[in-house]
Amino acid sequence: MIRVLKYVAIDILKNKIVIAYTIILALFSWSVFSLEDNAAKGILSLLNVILLTVPLVSILFSTIYIYNSNEFIELLVSHPVKRNKIWTALFTGLSLSMVAAYIIGAGIPLLIFADFNIAILMITAGSLLSVIFVAVAFLCSIITRDKAKGIGLSIMLWLYFALLFDGLVLFLFFQFADYPIEKIVVALSALSPIDLFRILVLLKLDVSAMMGFTGAVFQDIFGSTWGLVFSFTLLALWVAIPFLISLRMFNRKDL
Amino acid sequence: MIEIKKLTKSFGKLKALNNVNLNLAQGECIALIGPNGCGKTTLIKSILGMVLPENGDIIFNGKNIKNDNLYRNEIGYMPQIGRYPENMTIGQIINMIQGIRNQQRDLDVELYNSFGIAKMLDKKMHALSGGTTQKVSATLAFMFPSKVLILDEPTAGLDPIASEILKDKIIEARKKGILVLITSHLLSELENIASQIIFMEDGNLILHKNVEELKSDTGQSSIAKSIIHILKNKVA
């Protein structure tokens, strides 16, 4: 697998989109922290940008990249290479490059300007978020052979996770405001990796005090060490499940 | 060498392979012929593990190829339409395949030399003509020591000189005791190469015979005429 990974890595590193993505993330992070005196405010702005861009770039770039690697995959399959290894190497290569771009672009300024604990949390969770959307991209691109459909599907999923899901939760919140639905909302938030990430960071920023009773419930559940472990396990599941399903499908695919 | 038992594969409603049984012996040069869409490429891709059949087994050198990939070390494959990563150069592709096969020594560079690949190493794959892509495919197929060569329409798109070079190479490979499986629509091209003929139609195996046997059975002097003879008799 290392041998296959080498060629995937060389190919991605030459890709201009990854370099542009790194530079844009870096430009934004540095400017946010230079403009705000208050590091916490800077983190909030940065958080919102990261929650929109990181999933979008990870899922779109990966989906397009996998479709463009069709020839590469076909070429390798006729040689003595296990299918498992080809797919895993592609996944590792894409994940590593997305994580590297995130850490160089957003991680370094975070470490310099933000509180160390929060910086580490944001770097870990953001890296996981990148990998999660790479995994979802793998699922999208194996479901359909048609490139346009696959890219469409990945954009829809991004829209759903980044925008629609919040809307749905808010809608539920207002509809059932008279009932004690805080626990249900906590459970629902596990269904979206982006929301999990947001809650984790907000709680560490001490702005949860302004989130009312729900904030208190969140603090109670996610604020503890167990909560942290629990949410990172959930995030890890978000990587493992889509990827393993796609791997299974790839092993049975006719090329 | 390769034993195919009750191989069945369908794409949706289309039966690409219907209960095909074959025994391909070492040292033969087997021509796989039949009309478009008769299942030739599906059969080849099944042997290579690119297409996964619903039913049946393929035994390669005594071992079932299901869940195995090392047997592909013994196969040189030239696809009908070579598809390569577009922004890689010829040199990078050759290096990559050598790296993946983990084989830098004992390489057969005869086609590499006679096709003049060395002069084109820096060319990107997307800038190549169809014929040059075929030359790269052929070079890669013959480069590694193998027991089986699978050539899907090898001479399509090649210029006459290259096509002659390739044909000589195929004959030479057969003399070395390599099993050569070749598909072609140009029956005249197979005349001096093939030792056995497999004829397929709509996913069914119609015949598998030695060339000499085929000629004497039909009373014809060439492969092309014998096949036409069989087809005409079937219609009548």
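Mentor: Let's begin with contact: two residues are in contact if their C-beta atoms, placed from the backbone, lie within 7 Å. On that basis, 17 residues from chain A and 17 residues from chain B take part in the contact between the chains.

Trainee: Before we go on, what kind of model is this, and how is it labelled?

Mentor: It is a predicted model, where local features need pLDDT of at least 70, side-chain atom pairs count only at pLDDT 80 or more, and totals for chains, interfaces and linings use all residues. Residues are numbered from 1 along each chain as its sequence is written, while chains are lettered from A and ligands numbered from 1 in the order in which they are written.

Trainee: Which elements of chain A give two or more residues to the side that touches chain B?

Mentor: Those are α1 (2-13) and α4 (70-77) of chain A. The largest share, six residues, comes from α4(A). Helices here are DSSP runs of H or I with at least four residues, strands are runs of E with at least two, and both are numbered from the N terminus.

Trainee: What makes a residue on that side nonpolar, polar or charged?

Mentor: Ala, Val, Leu, Ile, Met, Phe, Trp, Tyr, Cys and Pro count as nonpolar, Asp, Glu, Lys and Arg as charged, and the others, Gly among them, as polar. Sorted that way, the side of chain A that touches chain B has nine nonpolar, two polar and six charged residues.

Trainee: How many helices and strands does chain A have?

Mentor: Eleven helices and zero strands. Chain B has eight helices and ten strands.

Trainee: What makes a residue buried or exposed?

Mentor: Count the other C-beta atoms within 10 Å of its own, all placed from the backbone: 20 or more is buried, 12 or fewer is exposed, and in between is partly exposed. Take Lys123(B), in the loop between α3 (110-114) and α4 (130-143) of chain B. Lys123(B) has 15 such atoms within 10 Å, so it is partly exposed. Setting aside neighbours within four places in sequence, Lys123(B) is in contact with Thr89(B), Ile90(B) and Leu128(B).

Trainee: And why is β3(B) called largely enclosed?

Mentor: Five of its five residues are buried, so the rest of the structure largely encloses β3(B). Both faces are covered, with Cys29(B), Ala31(B) and Ile33(B) on one side and Ile30(B) and Leu32(B) on the other.

Trainee: How do you know that β3(B) pairs with β8(B)?

Mentor: Two strands pair if DSSP finds at least two bridges between them. There are four between β3(B) and β8(B), in the parallel sense, and Leu32(B) stands opposite Thr183(B) in β8(B). Another four bridges join β3(B) to β9(B), again running parallel, with Gln196(B) as the bridge partner of Ile30(B).

Trainee: What makes β6 (75-78) and β10 (204-210) of chain B edge strands?

Mentor: The open sheet has six strands in the order β6-β7-β8-β3-β9-β10 (chain B), with mixed pairing. β6(B) and β10(B) each have a single partner strand, so one side of each lacks a neighbour in the sheet. Six bridges join β9 (residues 196-201) of chain B to β10(B), and these two run antiparallel.

Trainee: What makes a set of residues a nonpolar core?

Mentor: They must be buried Ala, Val, Leu, Ile, Met, Phe, Trp, Tyr and Cys residues joined through C-beta atoms within 7 Å. The largest core has 138 residues, and Ile132(A), Ile150(B), Val180(B) and Leu181(B) touch the most other members. Helix α6 (residues 116-143) of chain A gives the largest share of this core, 17 residues.
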